Amino acid sequence: LKIYKNGANYKDAHTNASNATLTKMDMHIQAIIDLSETDYIEFYAYSAGTSPFFESGGKTTYFGMFKLL
């Protein structure tokens, strides 16, 4: 998982599960990011392997963002 700020990598989280047979893997990433009016945030996920996939939906994917004053 990666968080990008204005097109540049800001923070990432990764794991190596190459030696395991998995049916599910949870990953988490969090950051406090100082943003100006024109800044933008992007989120990326990458999986490598013979048959990687990402499952999304209400039961598997959660996202939250808050504006701190």
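**View 1. Strand 1 and strand 2 make an antiparallel hairpin.** In this predicted model, strand 1 (residues 2-5) and strand 2 (residues 8-12) are held together by four bridges. Strands here are DSSP runs of E with at least two residues, numbered from the N terminus, and two of them pair if DSSP finds at least two bridges between them. Two residues sit between the strands, and Asn-6 in the turn has a positive phi of about 55°.

**View 2. Strand 1 also pairs with strand 3.** Strand 3 covers residues 41-44, and its four bridges to strand 1 are antiparallel. Here Lys-5 faces Ile-41.

**View 3. One aromatic pair turns up in the whole structure.** Tyr-4 and Tyr-44 have ring centres 4.9 Å apart and planes at 70°, so they count as edge-to-face (centres within 6.5 Å make a pair; planes over 60 degrees apart are edge-to-face, under 30 stacked, the rest tilted). The pair ties strand 1 to strand 3, with 40 residues separating the two tyrosines. Tyr-44 is partly exposed because its relative accessibility is 42% (buried is under 20%, exposed over 50%, partly exposed in between, with a 1.4 Å probe and protein chains only).

**View 4. Leu-68 lies in the segment after strand 3.** Leu-68 has a relative accessible area of 67%, so it is exposed. From Leu-68 to Asp-34 is 34 residues in sequence and 9.5 Å in space, C-alpha to C-alpha.

**Notes.** Residues are numbered from 1 along each chain as its sequence is written, and side-chain values use heavy atoms, leaving out hydrogens and water. Local features need pLDDT of at least 70 and side-chain atom pairs count only at pLDDT 80 or more, while totals for chains, interfaces and linings use all residues.

Terms used
Rings of Phe, Tyr and Trp (its six-membered ring) pair if their centres lie within 6.5 Å; planes under 30 degrees apart count as stacked, over 60 as edge-to-face and the rest as tilted.
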